[in-house]
Amino acid sequence: MRRPSFLILSALAAGPLHGYAVIKEVVRLSDDQVHLAAGTLYAALERLTDEGLVEVDREETVDGRPRRYYRLTEPGAAALAAEAAQMRRDARLATQRLRGAGPAPSPA
Amino acid sequence: MTPTEGIHMPDDTRTALLARRYRRWLLAYPRGYRRERGPEIIGTLLDATDPGRSRPPAREVVHLLGHGVGRRAVEAGRRAFVVAAFAAVLGGLSGIALGSWLSWRTVDTMAPDSATAGRVARQILPGPTDSGGHFGRHTFWNPYSEHTLHGGTGVRAGSAEGGGTVPHGARYDETARAVAARMRAHGWHDVHTTIEALDPNTSPPGIAYVTGTRDGYLAAVEVDAADGDNPATVGLDLMWAEPASQPAATTAGGVVGILIGVLFGLLTSKRMRRHGRGMQRTYSGLCLATLLLLTPACFANIPTATGSLMANTYRNHPGPSVYWGGFVIYGAEPLAILSLVPILAVVVLCLWPRPQPSRTLTTAT
């Protein structure tokens with residue numbers, strides 16, 4: 001799973017959000033490192049919807065602008081959990097190997 | 001437009017302007033997608049854009065264009081994408097050739113005459129001069145020349161020759177500088193001198209080139225150094241210079257050719273999806289035939305155009321820039337003309353009426 005998809009699913013894990021709220025939440029979750037462009041967000045949302053990981057929750061109109069809220073589906077939550085578990089295992093593995101290798105020699 | 005534009009604009013006006021501009025960029029997406037998601041995407045874009053802006057940020061524009069075109073490609077199908085890509089290459093190369101050819105049509109079809117070459121030779125060459133007739137071809141429109149295969153330019157525009165005498169005892173580089181000075185004194189522009197000192201044991205041991213333009217003419221003077229057996233010589237080739245409109249016409253031709261190629265590929269592929277498998281196979285065959293017929297001319301045009309560009313840098317032997325050489329060498333020309341047949345056939349297929357679904361007669365009971 002690519003990082004933007006992972007972050008979008010993570011953003012939706014807490015509850016349904018509309019497009020702009022997803023962008024803001026992704027910025028917050030990534031410590032200001034990932035700024036999704038709207039075109040990228042909607043391409044990703046469409047792909048995740050096609051894969052059955054995300055679905056439309058409801059539609060509203062705020063200040064004359066239509067807003068569609070998206071939520072995580074059960075398979076989406078499962079995919080996110082599996083990805084998080086995989087990342088945890090990878091991180092543990094890397095940490096163990098670094099610990100075993102000891103500190104890297106400083107350049108002469 | 002300046003960055004400060006929009007500072008005194010009311011918020012509503014600015015937002016409406018920004019929305020209109022976003023809507024324009026959304027045209028990159030297919031119509032169905034725009035209808036379904038356009039208002040929502042524009043709402044998100046307006047929310048995400050910094051307040052005070054009346055123009056979309058470049059980053060958003062790039063992403064909208066990229067995802068929009070990608071979406072179109074997905075909808076049109078892989079075949080449309082392949083056809084459009086090939087059509088863009090062929091269209092671009094054909095457009096470059098056509099633009100250059102149209103530009104050169106403003107130039108006299110005949111190469112400069114010998115009398116003019118003699119007059120120019122007397123003006124810019126030191127010592128007694130003579131006119132030496134024509135070299136290569138006499139006109140631009142005869143596509144075949146003896147240098148087609150070896151000169152690197154594909155098409156060599158004709159030239160008229162003039163000759164002169166190197167003053168006794170003068171070195172070849174001094175003579176070249178004297179020619180350059182005379183050219184400048186007589187109002188020639190873009191005067192360039194190239195001096196090549198060769199191996200003293202070769203003949204000639206050194207060559208100098210001087211080129212310049214005036215009144216649409218390109219004069220190329222070559223001075224060969226003397227050696228043990230031969231005296232120093234100086235010769236003039238007088239050709240037509242590239243027309244001033246050529247860079248713009250060539251660029252515009254390339255861009256228009258690419259756009260027409262892409263549109264032709266996408267539209268015809270989309271249109272052919274209405275037809276049955278047999279017609280679609282015919283369409284694929286016609287596309288392949290067009291590709292095969294146009295490829296020799298287009299690919300031959302790449303080295304000739306490159307050679308032309310080099311000639312533009314060193315405007316001595318290879319002559320002035322022409323970008324349509326690939327279309328007129330070997331058998332490429334008749335093949336390129338023949339390619340119009342499958343192209344027209346594709347158009348006819350696209351305009352062919354859509355097959356009616358077969359109806360089953362039913363009897364009311």
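A:Asp32 belongs to the loop between α2 and α3 of chain A. Its phi is near 70 degrees, a positive value in a residue other than glycine. A:Asp31 lies in the loop between α2 (19-29) and α3 (38-50) of chain A, and this residue has a positive phi of about 55 degrees although it is not a glycine. With 7 C-beta neighbours inside 10 Å, A:Asp31 counts as exposed.

## Basis of the model

The structure is a predicted model, in which local features need pLDDT of at least 70 and side-chain atom pairs count only at pLDDT 80 or more, whereas totals for chains, interfaces and linings use all residues. Residues are numbered from 1 along each chain as its sequence is written, and chains are lettered from A and ligands numbered from 1 in the order in which they are written.

For chain A the mean pLDDT is 89, and 94% of the residues reach 70 or more; pLDDT is the predictor's confidence in each residue, from 0 to 100. Within chain A, confidence is lowest in β2(A), at a mean of 89, and highest in β1(A), at 94.

## Architecture of chain A

Chain A contains 4 helices and 3 strands, where helices (H or I, at least four residues) and strands (E, at least two) are DSSP runs, numbered from the N terminus. From the N terminus on, the order of elements is α-β-α-α-β-β-α. Of the 108 residues in chain A, 27% are buried. Residues 24 or more positions apart account for 42% of the contacts in chain A with a separation of 6 or more; two residues are in contact if their C-beta atoms, placed from the backbone, lie within 7 Å.

The 3 strands of an open sheet in chain A follow the order β1-β3-β2, with antiparallel pairing; two strands pair if DSSP finds at least two bridges between them. β1 (17-18) and β2 (54-62) of chain A stand at the edges with a single partner strand each, so one side of each is left without a neighbour in the sheet. β2(A) pairs with strand β3 (residues 65-72) of chain A in the antiparallel sense over 8 bridges, and A:Val54 has A:Leu72 in β3(A) as its bridge partner. Helix α1 (residues 3-13) of chain A lies across β1, β2 and β3 of chain A and runs at about 95 degrees to β3(A); axes are lines fitted to C-alpha atoms, for helices over the stretch in contact, and angles run from 0 to 180 degrees between N-to-C directions.

## Architecture of chain B

Chain B has 10 helices and 6 strands, and 37% of its 365 residues count as buried. Of the contacts in chain B with a separation of 6 or more, 73% are between residues 24 or more positions apart.

In helix α5 (residues 114-124) of chain B, the residues B:Ala117, B:Gly118, B:Val120, B:Ala121 and B:Ile124 are buried. Viewed down the axis of α5(B), its buried residues fall within an arc of 165 degrees, so they line one face of the helix; the arc is that of the directions from the helix axis to the C-beta atoms.

Strand β4 (residues 206-214) of chain B runs antiparallel to β5(B), and 8 bridges join the two; B:Ala208 stands opposite B:Val223 in β5(B). The hairpin of β4(B) and β5(B) has 2 residues between the strands, and B:Asp215 there takes a positive phi near 50 degrees.

β5(B) is also joined by 8 bridges to strand β6 (residues 233-240) of chain B, again in an antiparallel arrangement, and B:Leu218 has B:Met239 in β6(B) as its bridge partner. In strand β5 (residues 217-224) of chain B, 7 of the 8 residues are buried, so the strand is largely enclosed by the rest of the structure.

## Contact between the chains

The contact takes 16 residues from chain B and 13 residues from chain A. On the side of chain B that touches chain A, α2 (31-48) and α3 (58-76) of chain B each supply at least two residues. α2(B) gives the most to that side, with 10 residues. The residues of the side of chain B that touches chain A comprise 6 nonpolar, 5 polar and 5 charged; Ala, Val, Leu, Ile, Met, Phe, Trp, Tyr, Cys and Pro count as nonpolar, Asp, Glu, Lys and Arg as charged, and the others, Gly among them, as polar.

B:Tyr33 lies in helix α2 of chain B and counts as buried, with 20 C-beta neighbours inside 10 Å. The C-alpha atoms of B:Tyr33 and B:Arg72 are separated by 9.4 Å, the two residues being 39 residues apart along the chain.

Conventions: A residue is buried if 20 or more other C-beta atoms lie within 10 Å of its own, exposed if 12 or fewer, and partly exposed in between; C-beta atoms are placed from the backbone.
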